[in-house]
Amino acid sequence: MTEKELLEIAKKVRENAYAPYSNFKVGAAILTEEGKIFTGVNVENASYGLSICAERVALFKAISEGYRRFKAIAVVADTNEPVPPCGACRQVLAEFGSLKVIMGNLKGDMKVKDLSELLPESFTPQNLRR
Ligand code: THU
């Protein structure tokens, strides 16, 4: 599975995004260490603050199916620059260790960074140790 292929999967699922309020559709695809892929889209709500990002939907689908270790997550939106994951998603992803974050847009631009670069010195389960 190449970075481009994972991004293509995210691009395809993006069409299922439920974003009637922002009209900003986002697609995500997360790759487990075992090679399984789970997709996600943003799901908005009339009570706006209850909306959830595509990245967390993809992650939670994987977690709920028993997966805990991840290689990469791709995220894509119709933006000028490759779309970066929001701070909340960075924190939620960091719970399960670092992974490659593949950011893209519909024009085909791509940027890859490690989550540890996007969220340095993150608060993780290790930090709960006393
Ligand atoms: N959104 C995502 O799904 N992922 C991101 O990385 C950025 C933001 C969603 C949340 C909201 O539904 C819409 O995009 C506009 O912020």
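At what angle do the axes of helix α2 and helix α3 cross? Before answering, I note that this is a predicted model, where local features need pLDDT of at least 70, side-chain atom pairs count only at pLDDT 80 or more, and totals for chains, interfaces and linings use all residues. Residues are numbered from 1 along each chain as its sequence is written, and side-chain values use heavy atoms, with hydrogens and water left out.

**Entry 1: the helix pair.** I find that the axes of α2 (residues 54-64) and α3 (residues 87-94) cross at roughly 20° and come within 9 Å. Helices here are DSSP runs of H or I, at least four residues, numbered from the N terminus. Axes are lines fitted to C-alpha atoms over the stretch in contact, with angles from 0 to 180 degrees between N-to-C directions. The two helices are therefore roughly parallel to each other, a term for angles under 35 degrees.

I then listed who meets whom: Glu55, Arg56, Leu59 and Phe60 of α2 touch Ala88, Cys89, Val92 and Leu93 of α3, contact being heavy atoms within 4.5 Å.

**Entry 2: the ligand.** Residues around the ligand include Ser22, Phe24, Val26, Cys53 and Cys86, each with a heavy atom within 4 Å of it. I looked up polar contacts (pairs of N or O atoms within 3.5 Å) too. A polar side-chain atom of Glu44 is 2.5 Å from a ligand oxygen, and a side-chain N or O atom of Asn42 is 3.0 Å from one. For Pro84, a polar backbone atom lies 3.5 Å from an oxygen of the ligand.

**Entry 3: Lys11.** I place Lys11 in helix α1 (residues 3-14). Beyond its neighbours within four places in sequence, Lys11 contacts Val76, Asn105, Leu106 and Gly108.

Key:
Parallel < 35°, antiparallel > 145°, perpendicular 65-115°, else oblique. Polar contact = N/O pair within 3.5 Å; in protein donor to acceptor, adjacent residues only side chain to side chain.
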